[in-house]
Amino acid sequence: MMKTTGSTTTGFKAIGNGTEDTMAEMKTPAAQPVVVTQISPAKMTLAEVHAKLDGKTGRRFWKNLDELAETPAFHDLMKEEFPRQAGAGEWVDAVSRRGFLKVMGASFALAGLAGCTKQPDEPIFPYIKQPEDLVLGKPMYFATAYPFPTGAIPVLVKSDSFRPIKVDGNPEHPMSKGKSDTFTQATLLDLYDPDRSQHVLHRGEVSSWGEFQQAFASAAKKTSGGQGIYFLSETITSPTLATQWKQVQAAYPQAKLVQWEPVNQDSSRAASKAAFGSYTDAQYKIEEADVILSLDADFLGGIGHPGFLPLAAGYAERHRYEEGKTMNRLYVVETMPTVTGFKAEHRLGLKPSEIATFAVALANGAAPQGASSEQQKFFAALSSDLKNSGGKCVVIPGEQASPAVHAAAYALNSSLGAVGKTVIYTETVNPMPSEQVAEMKSLVADINAGKVQWLVMLGVNPIYSAPADLEFQDAFAKVPVTVQLASHVDETGVISNWHINKSHYLESWSDARAYDGTISIIQPMIDPMYGGRSSHDMLQALLADPQQSAYDVVVANAKTYIKGDFATGWRKALHDGWVEGTAFTAKGGGAGKSAIASFPSAPASNGLEISFRPDPSIYDGRFANVGWMQELPKQVTNLSWDNAAIMSINTLADLKLDESDPVKITVNGREVIAPALMIPGHPDGVITVHLGFGRGVQAGRVGQGVGFDAYQIRNSDGALFVSGATAVKVPGTYDLCITKVHNIEHRGSFAQHDLEKPLSDKEGVYSLAGHEAMERSIIRYATLDEVKKNPKFAHEDGASGTLIDKVGYSPQGETVPKENSFFPNAWNYEKQDPSTLKIQNAWGMAIDLNSCIGCNACIVSCYAENNVPVVGREQVKVGRNMQWLRIDTYFEGDLHAPKAHFQPMACQHCENAGCEQVCPVGATVHTPEGINTMVYNRCVGTRYCSNNCPYKVRRFNFLLYSDYDTESLKFMRNPDVTVRSRGVMEKCSYCVQRIEAAKITADKENREIRDGEIVTACQQACPTSAITFGNINDKASRVAKAKAEERDYQVLADLAFRPRTTYTAGVINPHPELA
Amino acid sequence: MATKGPMQDPIVDPMIDPRTGEYAVIAPGHNFKSVTQKIAGIVLTSNTPLGWFFGLMVGGGVALGVVIGCTWLFLKGVGIWGVTIPGAWGFAIINFVWWIGIGHAGTLISAILLLFKQTWRNSINRFAEAMTIFAVVCAGTFPLIHVGRPWLAYWLFPYPNTMNVWPQFRSPLAWDVFAVSTYASISIIFWYIGMIPDFGTLRDRATMPAAKYFYGMLSLGWRGSTRHWIRYESASLLLAGLSTPLVLSVHTVISFDFAVAALAGWHTTIFPPYFVAGAVYSGFAMVLTLAIPIRKFYHMEDLVTLRHLDNMAKVMLATGSIVAYGYGMEVFMAWYSASHWEFFMMWNRMFGPMGWAYWILILTNIAIPLTSLWSRKLRVNVTYLFILSLIVNTGMWFERFVIVVTSLYRDYLPSSWGTYRATKWDYMIYVGTMGLFTFLFFLFVRFLPMIPMSEIRMMLPQTKVTRGGADAETVSKETV
Amino acid sequence: MPPREGVYGLLAEFNTPGELVQATEAAHHAGYRRMECYTPYPVEEAAEALHFHKTRVPMVCLIGGLMGVTTAFLMETWINVWAYPLNIAGRPLFSWPAFIIPAYEWTILFAGFSAALGMIALNGLPQLYHPVFNAPNFRNGATTDKFFLCLEAVDPKFSLGETRTFLEQFPAVSVVEVDH
Amino acid sequence: MAQVFDRSSNALARFSLVLTGVIVIALGVTLDQLQRSPWVTRQGQRPDQPIPFSHKHHVEGLGLQCQYCHTQVEKAAYAGIPPTKTCINCHAQIWTNAELLEPVRQSWATGASIQWIRVHDLPDYVYFNHEIHVNKGIGCASCHGRVDEMPLMYQQNTLQMEWCLNCHRNPAVNLRPTSEIYNMAWAGPSNDKPVWCTTTGTGAAGTGPTAQNVSCTTTSPSGKSPEVAMLQMNAEANGPTSSDVPPLGITMPASYQKFTNQMDLGKYLTTQYHIRNPEQLSSCETCHR
């Protein structure tokens, strides 16, 4: 017996060790990299919030703040904030509760094997009196405009039973022609942001507009002519508001108005004043230009640059390759690599200071001294091109470039004879132009001088974004009464005596001028959800009849610019979304070189330059709490939920940094810590940082604690760029969140070597992903000469940018002929309708890679149209971002100065789709009209389809991503699209809901669907009409024509999946000497 | 006979059969009663060894990992795992294939070796089959829990429903449902049929009434009637005949999960054969992992002899070589196909960010076993075999890891390249299933006859039917 | 069936298969037909002696297999071609190569179950109670190491006395009579 | 060493085996029935409504048109639930202080909705559209049953997918002239109640809304014009089914065809109304997006 027990133990040791061994064996390797899916603790605990608040506020309002922090609302905010951040593995009440429901659901489902649980009783709330024109279930469309500092964007808002559910360009507007952009699209979520401030607050306690109005008015009356009343406003875009201000000034001559925004147009203001004697805006007729030079102007990046929509459209129009059409050529000189830069035929990366010298040198016609050889070449080619264009050229300076650049641009445009042809100079779009930083300085001076009694801030957040050197927060504390009108109780709001909740532009009356000067009436789409107020109300409060509503004010002022019978004119203006005959006309001609002198170039200083840029996704921070924009992979960098210290490979090496190392940037005494990130084509010796990040908890559940705050090192005299900065590595590492090609995983060392015969393997370093994209002929392009030689270049070898004969499973990298299939005619997509003998519809899409500028507008549009959820940083980091559509960015060639290619990639709706074949429950199937349709409610979530999708365009709800709790978000959802639950696969559906709607209308009227009647969300948003959708069986349709082009090709054609989405190979027009 | 060299293991020498030079399948000196007592004793003993309780608790404790893991999984979703896009499959599928593979050896031993009249397999086939069933249990959990909406997993079965929607039979996953469920049912029935006569024995030897009734019912009243035996034999032969194509088909179908897909690294015609070989490979490794401790613990050295270990090692050598050939072919085809996809996949598999996995696989699956197993010395070295079996199991797990993960995370479109990292939940559930396996196995060795008594009896010399009373005495002498 | 009363038969216990087989052959030679051997493991020779060769298990198994293949294949065809014809990845509705695999699996499933259950049924199991268990020495040996021959009372040639003497001529350990 | 089990156990054992089999089968059948049972589908259940509104009274009794309340059934996906205003239109004059109508007056006074319980409640992932059904010749009664005979509203049909598919796979069985959509009692043509149809508009290609494309009548149009009578004669001559006269491209004066059974009418209307083919109607995206 003893013996037995003895051997027992030994026998068991053996087994025990066994399992331990095997475990060990498996743990060690997988444990090597940091386990990303482990959830880092949420950005901020409640305790820290308190600390932060107290810290921020000093003693004065500690009481209110504590109360604020104690309010249940605030707690909920914090609670709900976590799940977004949490991702996997956090015990979150809300989430696990939902989880339990799911499990209950499961048991129910099993009980009644029907797959659907017994639904609870659903109540119906009919109207008391139904509005006349309302047909429930049929959307209505209203025209309005999105006021943006660089000019209003006219929009058409889709409204479902009076809830705005989609914002798109206004097709009837002469300037925008129905196009839109990321920001405009995102304003929808901005409207429904659950963190918007909902009350008037006085010292943190809920108060009322009335009380404020009285307090303000009476206080104003006491002052001598408004002495000590200062308005600090965001850029004023509304003519009506300007008029109101004049009235205020009439009543209170001493009152002052300061316009200030962190990202402004000071350069052009200063330069134009110097050049033309008065503030002037430039309007470019880019479609007229054969040669375009952008001096740090990201005019394809978004409405951050004035006139983005017409410029992008114009550029693309002239950049399309069509017979007998001269293709334009784009030169870009810039610092931060932008989509504009990478669309350019020739791009030169320079430090901000060098750009100025370059521009001036160009104006003077002599190459800048100390320029490198390839800069010389660039300069020579450029200037010759410009001269030879005979005035059919244009020089566009960027708003974030220094005044000198603008001055030089004015000079160049007139000397090249472009003025009047491709550029006209008009009065400013904004009614009250000013040089904002200067004004801000004087304001702070006045405050410190104790002149300011009332500081009324209209939609600005200076505590967060004011130039660091102004020490605005200290000044702020000296103002007796501070009032802030803002959409959020932000950094400024929490410490202001009064906080007035601002109404969203979709909730309020106003007006604004578009880029071309056309005035649009801004009309509300919905009653202010939280009874917010607009700047109009604020100013009106000081006027004789404070009860006048914004509507009255706008109507009153509209009488000044609406010609003819007002009633009809007004109705027309509201209907069309713009007022006829209000566009600007050219004022005077060009300007000489004289102005250049007044902006001496800064003495070249040693040390790094820091370039400050508005973020391509969240701009100056105004979109910080818009999940769509935070998650949107940024142009070029593909950063999501982060900003970084962006630098070149060499700078990275010089600073002995590796990517995602935290680096401390010091600008005369002020410092900030940022993660380092290499971006190909970035000039050496300069670091680009994007503004708008590092918001506090006041930013809201989404925006708080994302990225670092670049404003902390931004000074009033170095608002655009500053030199003499230092950067040093600090210990630790920061896990940057980057999606797609430049996913940190695949950057590695930048010296990956070619696998076989080198194609784009230039000397030096290149991106494996980009290299592979070329090798796999995912990207195909040719130069103008090549395409002239061989129009079939996309399918035959020969073009420098196209490699097709080495790819894949079929020798030519082309799709195998249909006859070779085992089942060539298993399904016929050209069936005839027996009764009408009409051929059925077959939906398809064509994407013109020449026109795609990678601006991301399509993605945000898709977000709104298809109820795509926001998953949060942790999830994006492990590759679970849910965008149905992505813009693939491939860097070709040496990463010091690469080419880049943008390729919109969504479900290709393959006719022989791999995904369908492997789904065991038939949750994804093919429709008779050739759409690869995903049936969410049938999906059990095996994810096999995603594995078998070579385009990896399927998205899976790994967790419950859709927000089922937040009320305000429910208003926003598109009622025609299912909100996907957890465990379900989803993907681009070609906007099948729009297709079905069109079919129903057409069937009712017994007619065919017209070409262009169905427009997908991405197509609708695209500023350059790169996307075409339609019936490929209708040979007359635009999509059929596009697919008939010789340049049309399928990505991964050799897999013979027969995608319905095809791409039109790009054509570039390089300068012969630079090619 | 060179093989008759000095053996380090003292108990070895007498075991060598002088005629063949092979190790005997059963130590001499055993008779019907002794084997019966030995085997039945383990089940019917009244004082269970403490070690058993210990092992059961360890197994059960670890198995809790599955329970906890799955609870959280059902609450939150598969997002708690490392799966992502592009790597939408991860541990769950890897473990599924791994476990199923392990199961295969059991069926192979009980069926194929039976058809080949390899009598030596008699002593190990019972717990090899048990291993199969428990492995299939562990494997079976994964396909169920790995789907996004597990509560709807029953949609994979063809049942009449109000949606008029049915499974989609072009999908390999639908095939899996049929293959795995069939495999499980047939294995269980085969296992049970095999045990009926032994249940009879247990019923008759049991002293506790409870045990009598329990085994009595399981035995269905088996009484060893010759007519029964004939039908019984033919039935088990048929089941063996059916299990053979079944076991080959099951892992073939599993391999279709990959081979049918259009992914470079999956889309390979060589998968079916080398998946089956790999399965047997890992299966025999697992049999060794189990047999070696058990024979020591229950002093079965003379029923599960070095002959068995030696033979199993030889089978591993054979199957391992097939697997090696498979790997070789993958590399060769990557070059020979001249397809960029194949080439890049292979290059990435070896030298990409996850190259380490590939080299671990080569080391543990090919380098170590296939070099050492040629030596008979090592083949009969119990300790070495045990360690080797663990190494091979690891290796086979990594084979699936390499196939599933490294093919997925860098596929056709570079823009969608990603990576895969397992989370604590992945590990918890995986290790949990090992616990579950151990737990079930301990229950088995305690309550069921782990070696088929009737079949062992057939291997004893006394089975010789001899006319005339002459040897009758001798026999009776032995039995007394 | 009503439990029969009286003697079921005579049960002779042997030590070795050899003795059993001899006795059985003799019994058959002597004209006994209703008899049965009980052994702890299959003894082919005993079956020979009993002249029992044919078993219908294979036939049952075959039928099961055929049922399996047809059921599965018809089901798949019906589902994918008639019940809900859907365009899956442009593949033909009747994708028979894909249908083969489940059909194959169900062939084995059905065949296996029929073989196993068929065997049990043909053996008349479960039969928890059986007269031979009444023999005091039966359960002690029959499933361990003893070999039994039972001449049953229903045999026309059976008569307690003669049969007992007949059996006792063999080196049986014991000859006992078994009641129903 | 006696018996472990007594005689009875044999029978017991075999019986229990059989029983197990029976139970398994029974369970399967039960579940299969359960998923179609009213307990799951809510067929025929009358939830407690704030007001025991009687469709029978209003439709059959007072002869109100469906559209009087469900105004947008032809214009939108939802048929529309009448606003309180609609009730008040009449009930401001009649039954002004009936106990039952208190909720209506309450709602009218306070401006709070009358909170009905939805009777026909499809899952949220099903996108049913009244508009197209009504315009393509599917009558209210086809799905909702004889609402005019329902004192309290209840769900006539299962509304389960298989039920929808029955019609989507063969619409002809339910098609009726659009003029008869709101006719609750419509029973389809028969020998004693034939239906005469003719195409207006420009032949088969069809222009303008479906509804105007075909005109049908239940009263014999004979005697209107000789060729009609003639046509009817040979219509009767070549049997009840004159619909096999190809309707395509006939450009002749209004020529009525006579239908005496639903299938013929259904086929005729399928062509005239350009009903999409079953393949398209039963394609997933038709109802799920």
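Glu285(D) touches Thr927(A), Ile931(A), Thr933(A), Val992(A) and Glu996(A), leaving aside residues up to four places away in sequence. Contact here means that two C-beta atoms, placed from the backbone, lie within 7 Å. The model is predicted: local features need pLDDT of at least 70, side-chain atom pairs count only at pLDDT 80 or more, and totals for chains, interfaces and linings use all residues. Residues are numbered from 1 along each chain as its sequence is written, while chains are lettered from A and ligands numbered from 1 in the order in which they are written.

Glu285(D) sits in the segment after helix H12 (278-281) of chain D. Helices (H or I, at least four residues) and strands (E, at least two) are DSSP runs, numbered from the N terminus. Glu285(D) is buried, with 25 other C-beta atoms within 10 Å. A residue is buried if 20 or more other C-beta atoms lie within 10 Å of its own, exposed if 12 or fewer, and partly exposed in between. Tyr127(D) is 158 residues from Glu285(D) in sequence, yet their C-alpha atoms are 9.3 Å apart in space.

The contact between the two chains takes 42 residues from chain A and 49 residues from chain D. On the chain A side, strand S1 (123-124) and helix H31 (992-1004) each supply at least two residues. H31(A) gives the largest share of that side, 6 residues. By class, the chain A side divides into 19 nonpolar, 13 polar and 10 charged residues. Nonpolar covers Ala, Val, Leu, Ile, Met, Phe, Trp, Tyr, Cys and Pro; charged covers Asp, Glu, Lys and Arg; the others, Gly among them, are polar.

Chain A holds 33 helices and 37 strands. Of its 1075 residues, 59% are buried. Among contacts in chain A between residues at least 6 apart in sequence, 73% join residues at least 24 apart. Chain D holds 12 helices and 4 strands. Buried residues account for 33% of the 289 residues of chain D. For chain D, 70% of the contacts between residues at least 6 apart in sequence join residues at least 24 apart.

In chain A, helix H8 (residues 239-251) and helix H19 (residues 550-561) cross at roughly 95°, and their axes come within 9 Å. H8(A) is therefore roughly perpendicular to H19(A). Axes are lines fitted to C-alpha atoms, for helices over the stretch in contact, and angles run from 0 to 180 degrees between N-to-C directions. Angles under 35 degrees count as roughly parallel, over 145 as roughly antiparallel, 65 to 115 as roughly perpendicular and the rest as oblique. Pro239(A), Thr240(A), Thr243(A) and Gln244(A) of H8(A) meet Val553(A), Val554(A) and Asn557(A) of H19(A). This contact has 3 nonpolar, 4 polar and no charged residues.

In chain B, helix H5 (residues 172-205) packs on helix H7 (residues 226-259) at an angle of about 155°, with the axes 9 Å apart. The two helices are therefore roughly antiparallel to each other. H5(B) passes H7(B) in a left-handed crossing. A crossing is left-handed if the near helix is turned anticlockwise from the far one by less than a right angle, and right-handed if clockwise. Residues of H5(B) in the contact include Trp175(B), Tyr183(B) and Phe190(B), and those of H7(B) include Leu239(B), Leu246(B) and Phe256(B). By class, the contact has 17 nonpolar, 5 polar and 2 charged residues.

Helix H4 (residues 122-146) of chain B has 25 residues. H4(B) reaches 37 Å from its first C-alpha to its last, close to the 36 Å expected at 1.5 Å a residue. The expected span is 1.5 Å times one less than the number of residues. H4(B) is mostly covered, with 21 of its 25 residues buried.

Most residues other than glycine have a negative phi, and most peptide bonds are trans. The bond from Ile85(B) to Pro86(B) is cis, with omega near 10°. Pro86(B) lies in the loop between helix H2 (50-76) and helix H3 (91-115) of chain B. Leu125(C) and Pro126(C) are also joined by a cis peptide bond, with omega about -5°. Val636(A) has a positive phi, near 65°. Val636(A) counts as buried, with 27 C-beta neighbours inside 10 Å.
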